[in-house]
Amino acid sequence: MSQHEVDIYKRLLERERSARKEAERILEERSMELYHANLELKELNLNLEKKVKKRTKEIELISRFPDENPNPVFRISFDGFLLYSNASSAQIINSIANNNSNSYLGREWKRAARLARIKKKEFSIEITAENRTFLLNICPIFDAQYINVYGTDITKLREAEKIADESQKQFEQIVQNASDIIFRADQEGKFTFVNPMATKILGYTEKELLGKHFMEFIHPSFQEEVYNFFVQQLENNQLGSYREFPVISKSGKEIWLAQNTQMLFESNGEVHVTSIARDITEKRESDQAVLNLKNLLVTLLSNFKSGVLLADSEGKIETTNEFLLNWFNIHSLDSNNLLSIDQVFEQIKGELMEPEIFEKTVQLDIQLHKTSERKKFFMKDGRVFDLEYTPIMTTQGEKGSFWFFHDVTDEHNSQLLLQYSEEKYRGIIENLEMGILEVDNNENIIHANAIFCRMVGYEVESIIGKNARELFIPSEKEVEIFNEALSERQKGNANVYEALVKKNGGEQIPMIISGAPIFDQNGQLIGSIGLHVDISSQKETEKVLAEAKEKAEASSHAKEVFLAHMSHEIRTPMNAIIGMSSLLSNTELTGKQKVYLDAIRTSSKNLLSIINDILDFSKIEAGKLNVETIGFHVDKLVKNAIGSVNHLAAGKSIMLSFKIDPKISPVVLGDPTRINQILLNLLSNAIKFTPDGKVELIAKVVKQEGKSQRICFEVKDTGIGIDASKINKIFESFSQEDDSVSRKYGGTGLGLTISKQLVELMNGKIWVESQKGMGTSFFFELDLNMGHYKDLPHDLQNARQSTGKLKGLRVLVVEDNQLNQFLATTILEGKGIVVETAGNGLEAIESLKNQSFDLILMDIQMPYMGGIEATEKIRKEMNISIPIIALTAKALTGDEKRYHEAGMNDFLSKPFEPEILLQKIQNILDLSEPIPVVEPQIPKTEIKVIYSLDKIKEVASGNDEFIQKMISIFVKNTPTLVQNMHVGLQMGDYDQIYSMAHQLKPSIDLMEIQEIAQVIRNIEDCSRNRMDLDTLSDKIDQVDAVLVEVVKQLKTEFSV
Amino acid sequence: MKGIVFTELMEMVESQFGIEMVDRIIQPQELVSKGVFTSVGTYPFSDLVSILGHLSQATGAGIPELEKAFGQYLAGRFSKLYLPFFQRVNSVFELLNEVDSYIHIEVKKLYPDAELPQFDTIKMDSAHIEMIYRSQRKMFPFAEGLIDASATYYQQKVKIKVLEWNHDGAEVRFLVESLG
């Protein structure tokens, strides 16, 4: 080998060696690296293992998850192999694992698995296994070729669903069958659901309602407020609301609804409205009625005149009234701010005299809660009230208390006064020396006071219990009196009577006994009490007075008899003279004879006038003159009076005139006869004392008061006048101006006196004004009531009847006086009447036995048998009912009654005018049957018993005087009342008519005037109701006619 | 560059040209490694360039020629040294496909500092593969030789066609066709 080669190999070796060393070095390096890497790796490994362990644990836990899942979770490969199943899936898996396609579940599974593959996505199926239902969520995982199944046990869910379903159905039923409206609406307010009741109440069909806005159905007046209400609910997110408002049904009916509205606010802003509405129309009405009742109650309470306090069981005041508040001056109480009962009682107590008792009382009331007795309480200011308690149920149905506070101040005070006056009177009575005796119903003595005992001379102990009748009634005579007293007591009446009472020892004492019945609180008679006054001394006086009275009466009677006789004795011949001269005047006379006859007539008339004056004067003195009240015409009266004195004035150059005030009522009520008398007196005086000039009679109304006119009659002359000094005496009896006057002018001087007496009898005024030498005016004023033409005497009402019918009549004239007999006969025969005469009653009866007559003229005063007796016999024994006219010279009170009672039809006083006689005969014979009347009446077929005095007699208890008084009042007032009723009718014054009818009614009832009892009531009603005047007029006329009849009958019966 | 490249090159030169050639081509004064190579070491590319330069001078063959020949030689060596890599696939195309995605990754695991070219497959079918070679060493001919010799392991014959030659050989798009 060459050096060259050796070098090469040397270099190569060097390089190799270096390379090897390098490689070793690198190896070493690498080993180190490896070693470290290994370490690292180990550590990493350790960590990793730890992590893995941890992880595994976690995974284990997690893997337990499905195992612990109560729901089935399992995994099946696409080809049907069970890869995993948790415990809960046992039930299901058993059937579907391993492609067991024979079971139901297996089939189901197969189908599902197929579906999964087809669908290539998740889906769910429902499976029921052993009464449990599962929802299987099937999730195919295509990558891994298996299906994960997640099951949920929905058994309970399905059950709950079923229950919910049923619940739902039930609710639906409720909604459908509800008796209230149930509806739903959307947030715009349009109906989305309405139940049947909604359609029923509103009257619209479901179709008609759905989609409509609820506002459409609300009553127009309420739409705005209801709309705002719901809008507010909406805006305030208010869940529930309640409101009442009216809606209008399809038929237009207004129906009130109470509506609950629920609003459900969804998160998306939608609002669902559900409402229930109830028909409260009726409730509202009844509520209104209750409210009205409550208001009525409140009004009643506030006006109630007792205090009312109602408290509940807790002491709170439920109700009270103004009376209570005012009574106790409680001001802080008003309906909204109620005090408690304790506060009120405190205020009340403050005003009482004995507050503690009040406190106790009310506390006890509350405690016992039972009705208690009324208790009286006295207040410091003198007022008194009764407290009444009643337990009640309050409006809440609890125990409440009701107190009444009654104002009994007046009663209490009255009681005190009564007590005081009782004591006073007891004292007075004791001091009056009145014996008081108290007996029971059997007249046994209960009590007698000291004075009575002293009067009768017994010790009180010895008479208690004894029979009063046995002790005190002296004799059989007195028994009647005591029996009557007893019967009055038994009737419950008190009365005063006189009786003799037997003292201890037998002495009889005259006493006035005032007896009264005693009643218990039930009104039962338990006895009587008598006040006894010893009138022994009074009796003495009485006896003396009685004797004096007898004497006086005797003398008065004597006077009357004398007057009567005088009247008769004088008038009879006067009658003859006047009658004869009258007849004579109708015959053919020579001039001289006429003159003489005139003188006779004048003289006899004068004489008659004087006689009448004297008789009148005497009558008036004796108090026997009565003044009539009948209707008459003032103008006629005046004219007649002027006519009567015309002849007196004719001889002198005196102008006679008269003036009648047109304001004077056409008919007035008064005594025309007497007024005429006065006028004649004054006129004749005026003419007498007036040589020449004029005499004027003036009648005028000076005052009008209601139905009464004050009429002033003036007789004015231009005569000689009366001396001033003598004027005062002018009316005195028997005086003329002086004796010279009587001598010159004649006259008895009685005229003016009588006129004065007559005027005063008629409650008028008479006076004179005169100037000597100039003239005189005599005035008299009378208050006369305005009358009706029906007040006029009928013979003036009717026209003078013709006397043609008299011809052929047969009349029996019974008269003892030859002259009068002659007179009567002549008058009658002058008219063609056939006359028979009889000298006395006996003869008359004899005549009547054999002959028949149409009429009898019967004198009264006759020998053997007078007119009264004869008439009685004729009527009662002979049963002859032909009319009998009495001819009487007397005209005393009571005569008319006796004539009627005897059976006479009419009477005529002598001297009579022939005309009057004839007219009476006419009138009487116009009647088909003889009727006992005072004066001719409007023809009636029969007289009914139009009144009865039974009631009056009952009231009067046999007191005739009382009856008389009653009757006279009735007679006096009735015509006036009737007249006023007419006036009211004339003037259309309903109130007047009513007032009069009303005043008449009690009398009509009392007098039992059946015919008009109802009519007067009709008049009352008709006038009160302003009915038709014609109807009223008829009724008033009817009442008038009947009452006129009654009054006239009464006048006859009682001579009033 | 990994030492194995140098050691194999030395072996190849020694076996083909003898030790003298080896000695001649190694000029220690030009080499960082001073010519000392172990397969497990790592030496700069400039050393390879020097050696190849001298080799080219000495043999008169061009460097690409030399690179290619070396590639072919190395492929054979690889198929022995790293047989599993070859056994993994059934064809050279598959192998090529795996160069970047598997082989080089495994290499880098063991020798993180290895400088390796990038092979991106553009398209591939049973008879063709089109790839792009990228490397800063610009040794495409070397790659060519590797590829060519690798085919032989799979009893395949291939033809390599350069489609694009960019950046002075730093990026080459080429197509490998299977010939049978």
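Visitor: In which order do the strands of the open five-stranded sheet with parallel pairing lie in chain A?

Guide: Strands of a sheet pair through backbone hydrogen bonds, either parallel or antiparallel. In this predicted model, the order of the open sheet is 29-28-30-31-32 in chain A, and the pairing is parallel.

Visitor: Which strands are the edge strands there?

Guide: Strand 29 (834-838) and strand 32 (906-909) of chain A, each of which pairs on one side only. From one strand to the next, the twist averages 20°.

Visitor: How many bridges pair strand 28 with strand 30 of chain A?

Guide: Four bridges, in the parallel sense, link strand 28 (residues 810-814) and strand 30 (residues 855-859) of chain A.

Visitor: What is the strand order in the open sheet of chain A with antiparallel pairing?

Guide: That open sheet has five strands in the order 12-11-15-14-13 of chain A. Strand 12 (317-320) and strand 13 (375-378) of chain A have a single partner strand each, so one side of each is left without a neighbour in the sheet. The twist from one strand to the next averages 25°.

Visitor: How many residues lie between strand 8 and strand 9 of chain A in their hairpin?

Guide: In a regular strand the side chains alternate between the two faces of the sheet. As for the hairpin, strand 8 and strand 9 of chain A have five residues between them, and Gly252(A) in the turn has a positive phi of about 90°. Strand 8 (residues 240-248) of chain A runs antiparallel to strand 9 of chain A, with nine bridges joining them. Glu244(A) stands opposite Ala258(A) of strand 9 of chain A.

Visitor: Which residue in the turn between strand 9 and strand 10 of chain A has a positive phi?

Guide: Gly269(A), with a phi of about 95°; this hairpin of strand 9 and strand 10 of chain A has five residues between the strands. Strand 9 (residues 254-265) of chain A pairs with strand 10 of chain A in the antiparallel sense over nine bridges. In strand 10 of chain A, Thr274(A) is the bridge partner of Gln262(A), and Val273(A) is that of Met263(A).

Visitor: What joins strand 6 to strand 10 of chain A?

Guide: Five bridges join strand 6 (residues 181-185) of chain A to strand 10 (residues 271-279) of chain A, and the two run antiparallel. Ile182(A) stands opposite Ile276(A) of strand 10 of chain A.

Visitor: At what angle do helix 30 and helix 33 of chain A pack?

Guide: Helix 30 (residues 960-987) and helix 33 (residues 1029-1054) of chain A pack at about 155°, their axes 10 Å apart. Because of that angle, helix 30 of chain A is roughly antiparallel to helix 33 of chain A. The crossing of these two helices of chain A is left-handed. Residues making the contact include Phe970(A), Val978(A) and Leu985(A) of helix 30 of chain A and Ile1036(A), Leu1043(A) and Leu1050(A) of helix 33 of chain A. By class, the contact of these helices has 15 nonpolar, four polar and two charged residues.

Visitor: How far apart are the axes of helix 32 and helix 33 of chain A?

Guide: The axes are 10 Å apart, and helix 32 (residues 1010-1024) of chain A packs on helix 33 of chain A at about 145°. Here too the crossing is left-handed. Among the residues that meet are Ile1012(A) and Ile1019(A) in helix 32 of chain A and Leu1032(A) and Val1039(A) in helix 33 of chain A. This contact divides into nine nonpolar, four polar and two charged residues.

Visitor: How many residues of chain B are in contact with chain A?

Guide: 10 residues of chain B are in contact with 11 residues of chain A. The side of chain B that touches chain A has five nonpolar, three polar and two charged residues. The predictor gives the complex an ipTM of 0.83 and a pTM of 0.30.

Visitor: Where in chain A does pLDDT stay under 50?

Guide: Where pLDDT is low, the predicted coordinates should not be read in detail. One such stretch is residues 797-803 of chain A, with five contacts beyond four places in sequence. Residues 927-941 of chain A are also below 50, and this stretch has 23 contacts beyond near neighbours in sequence. Chain A has a mean pLDDT of 83, with 91% of its residues at 70 or more. Chain B averages 91, and 99% of the residues score at least 70.

Technical notes. Residues are numbered from 1 along each chain as its sequence is written. Chains are lettered from A and ligands numbered from 1 in the order in which they are written. This is a predicted model: local features need pLDDT of at least 70, side-chain atom pairs count only at pLDDT 80 or more; totals for chains, interfaces and linings use all residues. Two residues are in contact if their C-beta atoms, placed from the backbone, lie within 7 Å. Ala, Val, Leu, Ile, Met, Phe, Trp, Tyr, Cys and Pro count as nonpolar, Asp, Glu, Lys and Arg as charged, and the others, Gly among them, as polar. Two strands pair if DSSP finds at least two bridges between them. Axes are lines fitted to C-alpha atoms, for helices over the stretch in contact, and angles run from 0 to 180 degrees between N-to-C directions. Angles under 35 degrees count as roughly parallel, over 145 as roughly antiparallel, 65 to 115 as roughly perpendicular and the rest as oblique. A crossing is left-handed if the near helix is turned anticlockwise from the far one by less than a right angle, and right-handed if clockwise. pLDDT is the predictor's confidence in each residue, from 0 to 100.
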